[in-house]
There are 2 protein chains.
Amino acid sequence: MRVTLHDVARIAGVSVSTVSRALSGSGLANRQTEQKILRIAAELGYRPNSLARGLKTKSSRLVGLVLHNLVNASFHVMVEVVQRRLGRAGYQVVLCITGDQPEQEARYLNTLMDHRVDGVIIVPTGANAPLLTALDDGDAPVVTIVRSHSDAKYDAVLAADVEGSYAGTNYLLDLGHRRIGFVVGREDTTSGRERLSGYLRALRERGVPHDPSLTYSGTYDPETGVAACNAFFDRPDPPTALFAANHESTFGVLRALSERRIDAPGKISLLCYEDAPWLRWHTPPVTIVDNAAEAMADLVVDLLMRRMQKVVQGEPRAEAREFRVGAQLVVRESCRDIRAPASTHARRETIAPRT
Amino acid sequence: MRVTLHDVARIAGVSVSTVSRALSGSGLANRQTEQKILRIAAELGYRPNSLARGLKTKSSRLVGLVLHNLVNASFHVMVEVVQRRLGRAGYQVVLCITGDQPEQEARYLNTLMDHRVDGVIIVPTGANAPLLTALDDGDAPVVTIVRSHSDAKYDAVLAADVEGSYAGTNYLLDLGHRRIGFVVGREDTTSGRERLSGYLRALRERGVPHDPSLTYSGTYDPETGVAACNAFFDRPDPPTALFAANHESTFGVLRALSERRIDAPGKISLLCYEDAPWLRWHTPPVTIVDNAAEAMADLVVDLLMRRMQKVVQGEPRAEAREFRVGAQLVVRESCRDIRAPASTHARRETIAPRT
DNA sequence: CTGTTAGCGCATTCAT
DNA sequence: ATGAATGCGCTAACAG
């Protein structure tokens with residue numbers, strides 16, 4: 001059995017409450033005895049029992065982090081940032097991977113409630129409103145990331161997908177491109193739709209007519225990228241630029257271009273959404289729209305911690321807000337100005353201002 | 001306040017102990033009352049308090065997972081597998097990311113103890129032996145993955161790095177290569193040393209003299225890959241094959257080869273250690289030695305669960321074992337037989353038998 | 001400033 | 001088969 005408050009108290013010759021007070025560092029104890037108790041506790045290797053403390057204080061110092069997978073680069077960046085920041089603040093992260101399946105999500109949310117987590121950060125499937133409500137009402141603030149929840153009851157940190165896609169498309173238009181192929185990903189997701197709409201808006205504003213056969217919807221996987229390229233380049237008037245609007249299809253796009261010997265930026269200007277190490281090291285380094293996963297994670301932690309603090313202090317629940325974290329165009333070397341000679345495309349990585 | 005056993009008991013008109021028994025499904029209660037209690041508990045939305053239960057039973061149903069980062073593809077695959085499997089078994093995963101820093105690791109291990117985790121899966125830095133001992137002695141079995149711990153007190157699941165590297169090198173030798181550049185990564189890590197030794201063993205057995213200037217040590221990052229290529233190809237007699245023995249330097253190797261217009265598999269045969277999606281979709285698809293991250297994770301979960309069960313059943317601590325999970329050569333298209341015409345290199349992905 | 005007391009919610013032993 | 005009583009380890013009133 002591990003050493004408890006009781007043991008420390010016995011050896012120090014004081015009561016458990018005195019030990020508790022001394023260890024809490026609240027200064028409610030005599031300097032002398034506090035020092036002595038601290039010393040003895042250290043000697044004995046005393047460690048508080050979080051379960052007992054949690055049972056008493058109704059705070060587990062646990063935070064649930066619920067999301068689809070870890071393969072997507074944005075997601076594992078987020079998990080790293082969230083874990084590191086919460087860890088520093090004394091919270092432990094309980095990781096739950098749902099595969100975007102509502103039943104899994106439900107199971108995990110229930111378990112998180114059982115463990116009396118102090119808060120939850122979630123990429124919601126959207127199908128478990130009652131559970132999220134129960135958590136939030138039960139003093140475990142819920143904050144969503146990447147997706148917002150239909151009932152706008154939770155703080156939400158979202159990507160600026162419309163703006164990012166708009167900026168990316170404008171960048172290509174600025175380089176003189178008029179026929180821009182766009183690989184949507186799934187059109188039934190918010191991010192898919194928003195990125196598409198940013199693209200359409202840019203075209204519209206610049207008076208470039210939209211050719212529907214230049215947008216390709218599918219799923220979030222490499223095969224969609226391959227299929228899109230095939231569709232685009234099996235035609236007499238292929239696009240001069242390609243915007244792969246999601247991480248997964250980018251794999252397929254690169255493969256298809258290479259197999260058809262369509263080199264970037266020579267014959268095609270290539271722009272991708274979401275960053276990943278291999279895109280930076282690819283040849284040519286791929287110009288991207290960065291969805292700022294790190295910044296999103298930082299913000300979501302700030303929001304959650306603020307809400308958890310309010311719960312502790314018994315303050316009323318503040319109104320929920322939605323935040324958009326600006327996307328950034330990161331210019332590398334996969335796009336070129338088709339109004340200029342082929343050699344003048346950018347050579348250094350540049351960070352464009354926020355959109 | 002949430003609904004407790006007490007509430008259910010009151011409404012069902014029985015005592016808390018009866019409710020506890022009914023809900024535990026141990027059949028120690030009357031069929032009739034059990035059904036009734038189950039119904040009422042469901043209606044009330046009763047959920048057990050894990051903290052209270054844990055305090056009583058000394059089991060939190062929490063498992064700590066401690067590792068360096070999530071960027072490395074092997075690591076995030078492992079985390080996904082571990083989380084999914086433990087989740088299904090009713091355990092929650094507390095994720096801790098150390099950045100390979102002993103102080104961080106110490107902090108996290110202490111906190112995990114505080115939370116009375118039932119077990120720990122860790123990629124140990126090696127510097128916190130006392131803490132691991134404390135955990136393991138305190139009924140939280142420790143199992144290591146990727147690295148073993150110097151005191152061989154814990155089950156360890158390791159990659160078969162020597163064999164994998166040996167098999168990879170032999171594959172290149174079989175294709176007729178005699179000058180094989182080898183990018184070590186960090187020579188002060190077990191994996192770095194073991195992969196190097198597999199390479200050396202293969203050369204020795206085949207009677208190929210080892211040219212020390214064809215091995216390059218550095219760190220685990222892309223820059224090392226670039227530097228290695230520069231060293232190898234700034235010489236009059238460059239290698240005909242290249243074995244990039246770690247994930248991170250592979251980025252740099254690919255970049256450097258491309259900048260020098262040394263194409264694979266035409267002018268160089270390229271082999272990499274560790275798999276990742278982008279390697280499969282690269283042009284050409286890169287032949288790799290797969291360290292079987294998924295299988296390692298599966299095994300480590302099996303081992304941990306077995307040990308946790310023994311703790312529950314009060315069985316004596318079994319002796320620790322070390323396991324090696326076989327690496328697999330996955331032949332794709334980045335290597336060619338230099339004794340044959342350039343066109344005959346493999347065209348389809350093939351899985352070689354286990355080594 | 002310190003000790004005594006009373007639970008937090010649950011599982012479990014001991015009666016019945 | 002069920003109820004009453006106990007305590008897991010801790011914090012926080014409440015007294016002194």
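**View 1. Pro284(A) sits in the loop between helix 12 and strand 10 (287–290) of chain A.** The model is predicted. The bond between Thr283(A) and Pro284(A) is a cis peptide, with omega about -5 degrees. Chain A also has a cis bond from Ala264(A) to Pro265(A), where omega is near 0 degrees. Pro265(A) belongs to the loop that runs between helix 11 and strand 9 (269–273) of chain A.

**View 2. Val146(B) and Arg261(B) both show positive phi without being glycine.** For Val146(B), phi is about 75 degrees. This residue lies in the loop between strand 4 (142–145) and strand 5 (155–159) of chain B. Val146(B) has 25 C-beta neighbours inside 10 Å, so it counts as buried. Arg261(B) has a phi near 55 degrees. Its loop joins helix 11 (247–259) to strand 9 (269–273) of chain B. Here only 12 or fewer neighbours would do for the exposed class; Arg261(B) has 7 other C-beta atoms within 10 Å and is therefore exposed.

View 3. Within chain A, strand 4 (residues 142–145) and strand 5 (residues 155–159) pair in the parallel sense over three bridges. There, Val143(A) stands opposite Asp155(A) of strand 5.

**View 4. Strand 2 of chain A pairs with strand 2 (residues 92–97) of chain B.** The sense is antiparallel, over three bridges. Val93(A) faces Leu95(B) across this pairing, standing opposite it.

**View 5. Chain A and chain B are in contact through 42 residues of each.** On the chain A side, the elements giving two or more residues are helix 4, helix 5 (73–88), strand 2 (92–97), helix 6 (102–114), helix 11 (247–259) and helix 12 (277–281). By class, that side has 19 nonpolar, 16 polar and seven charged residues. A rotation of 180 degrees, with 0.1 Å of shift along its axis, superposes chain A on chain B at an RMSD of 0.2 Å. The two copies are therefore related as by a two-fold rotation axis. Both copies use the same surface: 100% of the contact residues of chain A recur in chain B.

**View 6. DNA strand D has 25 residues around it.** Thr4(A), Leu5(A), Ser17(A), Thr18(B) and Asn30(B) come nearest. Two or more residues each come from helix 1 (5–12), helix 2 (16–24) and helix 4 (50–57) of chain A, and from helix 2 (16–24) and helix 4 (50–57) of chain B. Helix 4 of chain A gives the largest share, five residues. The surface divides into eleven nonpolar, eleven polar and three charged residues.

**View 7. DNA strand C is surrounded by 26 residues.** The closest are Thr18(A), Thr4(B), Leu5(B), Ser17(B) and Ala52(B). Helix 2 and helix 4 of chain A each give two or more residues, as do helix 1 (5–12), helix 2 and helix 4 of chain B. Helix 4 of chain B gives the most, with five. By class, the surface near DNA strand C has eleven nonpolar, eleven polar and four charged residues.

Methods
Residues are numbered from 1 along each chain as its sequence is written. Chains are lettered from A and ligands numbered from 1 in the order in which they are written. This is a predicted model: local features need pLDDT of at least 70, side-chain atom pairs count only at pLDDT 80 or more; totals for chains, interfaces and linings use all residues. A residue is near a molecule or strand if its C-beta atom, placed from the backbone, lies within 6 Å of it. Helices (H or I, at least four residues) and strands (E, at least two) are DSSP runs, numbered from the N terminus. Ala, Val, Leu, Ile, Met, Phe, Trp, Tyr, Cys and Pro count as nonpolar, Asp, Glu, Lys and Arg as charged, and the others, Gly among them, as polar. Two strands pair if DSSP finds at least two bridges between them. Two residues are in contact if their C-beta atoms, placed from the backbone, lie within 7 Å. Copies are superposed by least squares on the C-alpha atoms of residues with pLDDT of at least 70 in both. A residue is buried if 20 or more other C-beta atoms lie within 10 Å of its own, exposed if 12 or fewer, and partly exposed in between; C-beta atoms are placed from the backbone.
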